Amino acid sequence: MEVLYNEELTLQINPLGAELCSIKNNFTDEEYIWQADPIFWKRHAPILFPIVGSVWNGEYKHKGIIYKMKQHGFARDREFTLLHSQPNEICFILESDPQTLAIYPFPFLLEITYKLEDKKITVLWKVKNTGDSEIYFQIGAHPAFMYKDNKHEKNCKGYFNFNVNHNLKYLLIKEKGCVQVYDYHSLHLEDGLLPITPTLFDHDALIFENNQVSRIDLLSPNKEPYIRLHFDAPLVGLWSPSANAPFVCIEPWYGRCDRINYTGEFKDRDWMNHLAINNTFYASYTIEIV
């Protein structure tokens, strides 16, 4: 496990998946990241690459050839190489190899950097096309944050505070981990707030498309903010596995799952990123402890 630290926070990052496994307050010893108890969910904050969500029937087609791909891709289960490390910054890389090319036929280099400054953690993604033709991919974050107060009898675990006051539209997972496109649901906000009730995730994740929000705060049941995410990603998902789970995920995405019954070419999937030869894709998001 690799460690980043400053006066305010201590972070732990696992080279397996380049996964952020801990954000701990140095003064209160409070842990902000879910500690991967498999009774609810065995992960902390996995990186989703080269897909976000599921492909229809667990397979996709590229140039007429069918490939199998598990939900959220393979990066989260691969060992990354440490590129460089300082007390407040660390960088990992993952390169394509025969194992990845067998299920994802695109040469790539994926670079993940974590930077710690005061109470802010910036996560930077870099995807480089190292092949001789255009590549297609998605990438996303899946950090799980602990609730401030997880008493099971509570009707509200806390609140999401969005940087907008108007109503939002979202999609739900409908079948085989995929969405019914255009089946949007309306989300009514009161002063930008959404209460986290026991039934909020009864139908899986809430998926917001088209840059509807760029900041989400996680608030305690007393409406006190303690975590803030800033992002430029065009999509964001909100998810928790059950009403009793002591955490919730706020997930900036550059991509999402397939639409139901999609059997077209991989490159033509919804929300795919196309990267030309020798080009590099850059993206980032920030976790702020408030």
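User: How many bridges join strand S8 to strand S9, and do they run parallel or antiparallel?

Analyst: Start with the terms. Strands are DSSP runs of E with at least two residues, numbered from the N terminus. Two strands pair if DSSP finds at least two bridges between them. Here seven bridges join S8 (residues 89-95) to S9 (residues 108-117), and the two run antiparallel. This is a predicted model, in which local features need pLDDT of at least 70, side-chain atom pairs count only at pLDDT 80 or more, and totals for chains, interfaces and linings use all residues. Residues are numbered from 1 along each chain as its sequence is written, and side-chain values use heavy atoms, with hydrogens and water left out.

User: Which residue in S9 is the bridge partner of cysteine 91?

Analyst: Threonine 113. Two further pairs link these strands: leucine 94 has leucine 110 as its bridge partner, and phenylalanine 92 stands opposite isoleucine 112.

User: How many residues of S8 and S9 are buried?

Analyst: Buried means under 20% relative accessible area, exposed means over 50%, and partly exposed lies in between (1.4 Å probe, protein chains only). In S8, six of the seven residues are buried. In S9, eight of 10 are.

User: What is the order of the strands in the open sheet?

Analyst: The sheet has nine strands, in the order S7-S8-S9-S10-S25-S21-S20-S14-S18, with antiparallel pairing. S7 (81-86) and S18 (193-195) stand at the edges with a single partner strand each, so one side of each has no neighbour in the sheet. Neighbouring strands are turned by 15 degrees against each other on average, direction ignored. For such angles, axes are lines fitted to C-alpha atoms (for helices over the stretch in contact), and angles run from 0 to 180 degrees between N-to-C directions.

User: Which residues have the most contacts inside the largest nonpolar core?

Analyst: In soluble globular proteins, nonpolar side chains tend to be buried together. A nonpolar core is a set of buried Ala, Val, Leu, Ile, Met, Phe, Trp, Tyr and Cys residues joined through side-chain atoms within 4.5 Å. The largest has 76 residues, and those with the most contacts inside it are Ile23, Leu110, Tyr114, Phe160, Phe162 and Ile287. Apart from it lies another core of nine residues, among them Val181, Ile207, Leu235 and Cys257.

User: Is arginine 256 buried or exposed?

Analyst: Arginine 256 is at 2% relative accessibility, so it counts as buried. Arginine 256 lies in the loop between S23 (247-254) and S24 (273-275). Contact means heavy atoms within 4.5 Å. Leaving aside neighbours within four places in sequence, arginine 256 has contacts including Val181, Glu209, Asp270 and Trp271.

User: How many disulfides does the structure hold?

Analyst: A disulfide is a covalent bond between the sulfur atoms of two cysteines. The cut-off is a pair of cysteine sulfur atoms within 2.5 Å. The structure holds zero. The sulfur of cysteine 257 is 5.3 Å from the closest cysteine sulfur, in cysteine 178, too far for a bond. For cysteine 249, the closest is in cysteine 21, at 13 Å, also too far.

Note on methods: Helices (H or I, at least four residues) and strands (E, at least two) are DSSP runs, numbered from the N terminus.
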